[in-house]
Amino acid sequence: MAYNVTLIPGDGVGPEVTEATKRVLEATGVKFNWEIGEVGSYAMEKYDTPLPAYVIESVKKNKVALKGPVTTPVGSGFRSVNVALRKELELFVCLRPCKTYPGVPSRFKDIDLIMVRENLEDLYAGIEFEKGTPEAANLIKFIADAKKGAIRPDSGISIKPISEFRSKRIVKFAFDYARQYHRKKVTAVHKANIMKFSDGLFLACAREVAKDYPDIEFEDRIVDNMSMQLVQKPEAYDVLVAPNLYGDILSDLCAGLVGGLGVAPGANLSADLALFEATHGSAPKYTGMNKVNPMAMMLSGMLMLRHLGEKEAGDRVEKAVAAVIAEGKDVTYDFKPGAPDKAVGTSQVADAVIRKLQRK
Ligand code: NAD
């Protein structure tokens, strides 16, 4: 049987890491029917939209997608395809496992953290008011009339909605994940001391949900303290759950702990859909250079295999990637900080991982 999977190469370095990963997944012997979905700048040229409707329909039909990164123009141009995909498909979970593999250039060893990030609300909800517009002026007036404070007229404003429903849903996911994968502790991350009605609500929801999981330890941390503690004693943490913005930032922090974006995989999940993608972005300056590390994308593919029920194939991919890292020969520039001239390219990493997979 072949799995129907929507393959979204993305742009920037996306197509290169996606191709490398596709080759590795096919080398496991698991069969796929890839349905290609073009998004981002390439789709913009061809379909006049960065996110054509057929891509959304394809993911809804296949229920599983593997996606490369997509560039979001800063400040102007089209809105984030990544945010739009998450919204359209109600992908409310961003799951990012962060694990050290022996041989990665990192100051830390034996890290095994799971970051669970709420994907749909918070400051990333996309509700924004541009400086100088009548809408921004109206909002500023409304806030002044309600005696909630004076906002300078030359301000741009982004809204931070945090709901009870979505907070409980993400925390419940974190606890269910902890239970399923025999994790011991869930830590909720927030800034409830300052933002009492948004982060405060998130924390209250987390505390309430935690009562249903007496078998799993629960604690909370303020996000600034959390950042420091993750650097000082990452081994003290297990599953972290956070609203969107803190989750995004801490995901990169955790990626840094385990050797960088080159080895940080991820999954975006809804109740019935799953879209797998690396934590890193499209690294535009390296486009077409066969340079960046495809391992984060390969490990996202490993998560996809496990999600499809192909646990054994997923384990083999992880073992093969870990073996290439441990050997330290066929790795990209980010794993050769002292000797970049000894690094290999994206496709050569795929060749090396495939050789490991094929070794009995
Ligand atoms: P980035 O992750 O693309 O790159 C930052 C730096 O990290 C790169 O310059 C490179 O030095 C390093 N890096 C990233 N991926 C690497 C890899 N696989 N191997 C080795 N080194 C790697 O972040 P950015 O520069 O902030 O963002 C570039 C674009 O990507 C932006 O338009 C941003 O919006 C977008 N982005 C997309 C996604 C996504 O599609 N899910 C995620 C993050 C950022």
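The largest cavity of this predicted model is lined by V83, R86, R117, N119, L120, Y124 and N244, and about 30 Å³ of space lies within this cavity. Residues are numbered from 1 along each chain as its sequence is written, and side-chain values rest on heavy atoms, with hydrogens and water left out. Because the model is predicted, local features need a pLDDT of at least 70 and side-chain atom pairs count only at pLDDT 80 or more, whereas totals for chains, interfaces and linings use all residues.

A cavity is here a set of points, on a 1 Å grid over the protein atoms alone, where a 1.4 Å probe fits but cannot get out, while a pocket is an open set with protein on both sides within 12 Å along at least five of seven lines; lining residues are those with an atom within 4 Å of a point. Grid points are joined across faces, edges and corners, and a volume is the space filled by probe spheres set on the points. By this rule the count comes to one cavity of 30 Å³ or more. The lining of the largest cavity comprises three nonpolar, two polar and two charged residues, where Ala, Val, Leu, Ile, Met, Phe, Trp, Tyr, Cys and Pro count as nonpolar, Asp, Glu, Lys and Arg as charged, and the others, Gly among them, as polar.

The largest pocket holds about 1200 Å³ of space. Its lining is made up of 44 residues, of which V70, T71, T72, S80 and N82 lie nearest the centre, and by class the lining has 17 nonpolar, 16 polar and eleven charged residues. Helices (H or I, at least four residues) and strands (E, at least two) are DSSP runs numbered from the N terminus; among these elements, α4 (81–88) and α9 (244–257) each supply at least two residues of this lining, and α4 gives the most, with five residues.

The second largest pocket contains about 830 Å³ of space. Of the 31 residues that line the second largest pocket, L95, Y177, Y181, L303 and R306 are the closest to its centre, and the elements giving two or more residues to the lining are β4 (93–99), β5 (112–118), α6 (164–180), β11 (267–269), α10 and α11 (311–327). This lining has 20 nonpolar, three polar and eight charged residues, and it draws at least three residues from each of domain 1 (1–92 + 278–360) and domain 2 (107–121 + 161–257).

The domain assignment, with bounds from an automatic or database source, also gives domain 3 (124–159). The C-alpha centres of domain 1 and domain 2 lie 26 Å apart, and the contact (heavy atoms within 4.5 Å) takes six residues from domain 1 and eight residues from domain 2. The area buried between domain 1 and domain 2, that is, the accessible area (1.4 Å probe) that the two parts lose on being put together, summed over both, is about 710 Å², of which carbon and sulfur atoms give 56%. R86, E90 and F92 supply 74% of the area that domain 1 buries against domain 2, more than any other three residues.

Most residues other than glycine have a negative phi. A283, although not a glycine, has a positive phi of about 35 degrees, and N290, likewise not a glycine, has a positive phi of about 50 degrees. A283 lies in the loop between β12 (274–277) and α10 (295–307), and N290 is found in the loop between β12 and α10.
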